[in-house]
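Please look over the structure shown below before reading on. The report that comes after it is meant to be read with the model open.

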Amino acid sequence: MASSLVACFSVLVSNFIMGTSLIAGLMGSFFLFSGYFIAKDGIPKYWIFMHCLRLFKYPFECFMINEYGGEKGKRKCLEIIEGNCYLYGEGFLKQQGVEESNKWSNLAVMMGFILGYRLLCFLIQLYRSHRTRI
């Protein structure tokens, strides 16, 4: 998904330095709102639209479902205190607000982003090449 986004933005700008700084700022904001640093509840109301647009949300949730979901993940102990397990994989997913049923919809959204950015990139290139013809 990130590669498709970079390809899309690379056709929008004519200068390498401007494109690099634009992508770096955009990727930084995606990392900030992807769930690594700020949880959904901690995002200010005026930035909540970034919750659905962030590129790393969907693969990150798929990773957590793959790692801590299913029968094997539910039995995986994540927090042991004095020999007793207090947090299993299933509890961790609930704590993070991730549902196992979202795995395939997350994959579909990722494919939609990939195809959408690639199509947008193609349309921009088509427009630019049409505009520059003599």
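## The model and its numbering

This is a predicted model, in which local features need pLDDT of at least 70 and side-chain atom pairs count only at pLDDT 80 or more, while totals for chains, interfaces and linings use all residues. Residues are numbered from 1 along each chain as its sequence is written, and side-chain values use heavy atoms, with hydrogens and water left out.

## Annotated segments

In an unreviewed entry, UniProt gives the annotation "transmembrane region" to residues 12-39 and 107-127. UniProt positions follow the numbering used here, feature names are shortened, and annotations may be inferred rather than shown by experiment. In the model, residues 107-127 are 100% helix and 0% strand, and the end C-alpha atoms of this span lie 30 Å apart. Helices (H or I, at least four residues) and strands (E, at least two) are DSSP runs, numbered from the N terminus.

Helix H4 covers residues 57-68. Its twelve residues should span 16 Å at 1.5 Å a residue, and this agrees with its end C-alpha atoms, which are 16 Å apart. The expected span is 1.5 Å times one less than the number of residues in the helix. After H4 comes glycine 70, with a positive phi near 70°.

Which residues of H4 are buried? They are Lys57, Tyr58, Phe60, Glu61, Cys62, Met64, Ile65 and Tyr68. Here buried means under 20% relative accessible area, exposed means over 50%, and partly exposed lies in between (1.4 Å probe, protein chains only). The cover over these buried residues includes helix H3 (50-53), helix H5 (70-74), strand E1 (77-81), H6 and H7.

## Salt bridges

How many salt bridges does a search of the whole structure find? The search finds two, a salt bridge being a side-chain nitrogen of Lys or Arg within 4 Å of a carboxyl oxygen of Asp or Glu. One joins glutamate 61 to lysine 57, with the closest N and O atoms 3.5 Å apart. Both residues belong to H4 and are four residues apart, about one turn of the helix. Glutamate 61 counts as buried because its relative accessibility is 12%, and lysine 57 counts as buried because its relative accessibility is 10%.

Another salt bridge joins lysine 76 to glutamate 67, and here the closest N and O atoms are 2.9 Å apart. Lysine 76 is partly exposed at 26% relative accessibility, and glutamate 67 is partly exposed at 31%.

## Aromatic pairs

A pair of aromatic rings is described by the distance of the centres and the angle of the planes. Rings of Phe, Tyr and Trp (its six-membered ring) pair if their centres lie within 6.5 Å; planes under 30 degrees apart count as stacked, over 60 as edge-to-face and the rest as tilted. A search of the whole structure finds three aromatic pairs. In one of them, the rings of tyrosine 58 and phenylalanine 113 have centres 6.0 Å apart and planes at 40°, so the pair is tilted. Tyrosine 58 is in H4 and phenylalanine 113 is in helix H7 (residues 103-131), so this pair ties together parts that are 55 residues apart in sequence. Both tyrosine 58 and phenylalanine 113 are buried.

The rings of tyrosine 68 and phenylalanine 92 form an edge-to-face pair, because their planes are at 70°, with the centres 5.0 Å apart. This pair links distant parts of the chain, since tyrosine 68 lies in H4 and phenylalanine 92 in helix H6 (residues 89-96), 24 residues apart. Tyrosine 68 is buried at 18% relative accessible area, and phenylalanine 92 is buried at 17%. Ring pairs also link Tyr58, Phe113 and Tyr117 into a cluster.

## Single residues

Asparagine 106 is part of H7 and is buried, with a relative accessible area of 4%. Its side chain makes a polar contact with the side chain of glutamate 61 at 3.1 Å. A polar contact is a pair of N or O atoms within 3.5 Å; within protein, one must be able to donate a hydrogen and the other to accept it, and residues adjacent in sequence count only if both atoms are side-chain atoms. Apart from neighbours within four places in sequence, asparagine 106 is in contact (heavy atoms within 4.5 Å) with Tyr58, Glu61, Cys62 and Ile65.

Is glutamate 82 buried or exposed? Glutamate 82 is exposed, with a relative accessible area of 78%. It is found in the loop between E1 and strand E2 (84-88), and has a positive phi of about 55° although it is not a glycine.
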